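Please find below a colleague's note on the chain shown here. The points go from the overall fold to the core and then to the charged pairs.

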Amino acid sequence: FRLASPNLQGDREVALKAICQQGSMLKFASKTLQNDRELVMQAIQHQRWWHTEKGSDVLQFASPDLQGDTELVQQAALRNISALALAPGELLGNKEFMLRMARNCFFCVAVNGEQNHG
């Protein structure tokens, strides 16, 4: 998919196949498809978290509007806690959202081996 023509990178069916194999293929999708909520959710669900490093969450390849989508950010953070670094300030300042993330991310922090010593 990375080497596909721009026409194929903009083809939803082709992009979905690539993304379902590896979520990070969202990086090579057209800007229009990077703004497709369903496609971004598929990329999040097919992210290979055991291959990711801090800051490499697939959410970074979504459109700026979708990077602020509460559900997408939550789903991405459940798989890779560093996805929260991509969330807009309004979302990070939302008490209910952050409490929900604290409850839901207890396990994902342990799995990803990240610890907060602050």
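1. Arg12 is a reasonable place to begin. The model is predicted, and in it Arg12 is partly exposed, at a relative accessible area of 30%. Its side chain meets that of Asp36 in a salt bridge, with 2.8 Å from N to O. Asp36 counts as buried because its relative accessibility is 16% and the cut-off for buried is under 20%.

2. The Arg12–Asp36 pair joins distant parts of the chain. Arg12 belongs to helix H2, Asp36 sits in the loop between H2 and H3, and 24 residues separate them. Glu38 is also involved: Arg12, Asp36 and Glu38 are linked in a network of salt bridges. The structure holds 4 salt bridges.

3. On the overall fold, the chain has 8 helices and 0 strands. Read along the sequence, the pattern is α-α-α-α-α-α-α-α. Of the 118 residues in the chain, 36% are buried. The chain exposes about 7100 Å², and carbon and sulfur atoms supply 52% of that area.

4. How much of the contact set is between residues 24 or more positions apart? Among contacts in the chain with a separation of 6 or more, such residues account for 55%.

5. The largest nonpolar core has 28 residues. Those with the most contacts inside this core are Leu26, Val40, Ile44, Leu59, Leu72, Val73 and Leu84. Helices H2 (12–21), H3 (37–45), H5 and H7 (95–104) are the elements that give two or more residues to the core. H3 supplies the largest share, 5 residues. As background, nonpolar side chains in soluble globular proteins tend to be buried together.

6. Which residues does Leu59 touch, leaving aside its neighbours within four places in sequence? The contacts are Val40, Ile44, Leu66, Gln67, Leu72, Val73, Ala76, Ala83 and Leu86. Val40, Ile44, Leu72 and Val73 from this list are also among the residues with the most contacts inside the core.

7. Helix H5 spans residues 70–79, and its buried residues are Leu72, Val73, Gln74, Ala76 and Ala77. An α-helix has 3.6 residues a turn, so residues three or four places apart point the same way. In H5, the buried set includes Leu72 and Ala76, as well as Val73 and Ala77.

8. The N-terminal end of H5 is capped by Asp69: a side-chain oxygen of Asp69 lies 3.1 Å from the backbone nitrogen of Glu71. Asp69 also takes part in a salt bridge with Arg37, at 2.9 Å from N to O. This pair links distant parts of the chain, with Arg37 in helix H3 and Asp69 in the loop between helix H4 (64–67) and H5, 32 residues apart. Asp69 is buried, at a relative accessible area of 17%, whereas Arg37 is partly exposed at 34%.

9. Arg37 has a salt bridge to Glu71 as well, at 2.7 Å from N to O. Here too the pair links distant parts of the chain: Glu71 is in helix H5 and Arg37 in helix H3, 34 residues apart. Is Glu71 buried or partly exposed? Glu71 is partly exposed, with a relative accessible area of 42%.

Methods
Residues numbered from 1 in each chain as written. Predicted model: local features only at pLDDT ≥ 70, side-chain atom pairs only at ≥ 80, totals over all residues. Heavy atoms only, no water. Buried < 20%, exposed > 50% of the residue type's maximum accessible area, 1.4 Å probe, protein only. Helix = DSSP H or I, 4+ residues; strand = E, 2+ residues; numbered from the N terminus. Polar contact = N/O pair within 3.5 Å; in protein donor to acceptor, adjacent residues only side chain to side chain. Core = buried A, V, L, I, M, F, W, Y, C linked by side-chain atoms within 4.5 Å. Contact = heavy atoms within 4.5 Å. Areas by Shrake-Rupley, 256 points an atom, 1.4 Å probe, with all protein chains shown as cover.
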